[in-house]
Amino acid sequence: MKKIGVLRGMETTFPDALVHNINKEFGSQVKAEFVQLEAVNMDADPGYDVIIDRISHEVPFYRSYLKWASLKGTYIINNPFWWSADDKFIDNIIAQQAGVAVPKTVILPHNQHPPNTESTSFRNLKFPIEWDPIFEYIGFPSFLKPFDGGGWRGVTKCNNAHDFFKAYNESGTDCMMLQEGIEFEDYFRCYGIGRKYTQIMRYNPDAEPHRRYYDISHEPVPDALMKKMERDVLALCKALGYDMNTVEFAVRDGIPYAIDFMNPAPDADYYSVGVENFNWIVKHMTEFAVEKALEKRKTPQFTANGVLEPDAKSK
């Protein structure tokens, strides 16, 4: 009997529904349960074929546990090694190379010294910073946001240089990036599951958080736009190696710009995303997790330059 573990945090509706659905639909082949942890013995067996991660970005102990489980042969959704290395600035470069339109973006030096650093830690940094070329390149309105993201944490809309400097001076030790503001005519938030399933959802980022999937236009989405977003969601998930993600598109002049696509533990709460989207993500995450659990040979998620590859061991 194969085992799928769900590592969850404060959320309830999605993890509960996922465990129930896996056991209901595939209980003769797979058992799903919530992961229970204590101190982790490095020589132990994780006991899971697949673990679906919903919380390790907030708990370092969980992240290290998942890396260990991955090295032991468990397939982790999402890859904990890449997730630990990922950031929104680098993702924009990867997106460009994958043929996805993104806003112009600049990564900025820290406004204040990060912990355990001092002035001599920044002798490679030019000072003062020349801001005018940055503002000319990005334009206004723009958005100042942390390069590592996190549920709209620290995101500020800047309509002019005064707004920017106020927000930047309040950013503390965070590493920030400044991004072109896309004045959009439509906006979408899209699930990508298993690098093969997509769900295109209209989304209103200006609404109250609990209304963002509801206070939306109900006009039909043009076929060409729908196909372009489906293509871009899959291209981004494949390029980044994410099996579960959301991609946000701001549509300007008919072109979908990928605004945010580093969401490997995306919102899937019943009361937030609504019945249709909730049922879709439970169904497709169930199918993908079971597929990975039953897979005869799992793809290594970390290989130490090939040393841990199964074929390398046998040569």
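1. Phenylalanine 135 and phenylalanine 164 are both buried in this predicted model. For phenylalanine 135, the relative accessible area is 12%, which is under the 20% limit and therefore counts as buried.

2. How many aromatic pairs does the structure hold? There are 17 aromatic pairs. In one of them, the ring centres of phenylalanine 135 and phenylalanine 164 are 5.3 Å apart and the planes meet at 75 degrees, so this pair is edge-to-face. Phenylalanine 135 belongs to helix H5 (residues 131–138) and phenylalanine 164 to helix H6 (residues 161–169), so the contact ties together parts 29 residues apart in sequence.

3. Phenylalanine 135 also pairs with phenylalanine 165: the centres lie 5.8 Å apart with the planes at 75 degrees, so this pair is edge-to-face too. Here again distant parts of the chain are linked, with phenylalanine 135 in helix H5 and phenylalanine 165 in helix H6, 30 residues apart. Phenylalanine 165 is partly exposed, at a relative accessible area of 29%.

4. The charged end of arginine 8 sits over the ring of phenylalanine 34, 3.7 Å from its centre. Arginine 63 lies over the face of tryptophan 83, 4.6 Å from the ring centre.

5. Lastly, phenylalanine 302 is found in the loop between helix H9 (275–294) and helix H10 (310–314). Phenylalanine 302 is partly exposed, with a relative accessible area of 37%.

Note on methods
Residues numbered from 1 in each chain as written. Predicted model: local features only at pLDDT ≥ 70, side-chain atom pairs only at ≥ 80, totals over all residues. Heavy atoms only, no water. Helix = DSSP H or I, 4+ residues; strand = E, 2+ residues; numbered from the N terminus. Buried < 20%, exposed > 50% of the residue type's maximum accessible area, 1.4 Å probe, protein only. Phe/Tyr/Trp six-rings, centres within 6.5 Å; stacked < 30°, edge-to-face > 60°. Lys NZ or Arg CZ within 6 Å of the ring centre and 35° of its normal.
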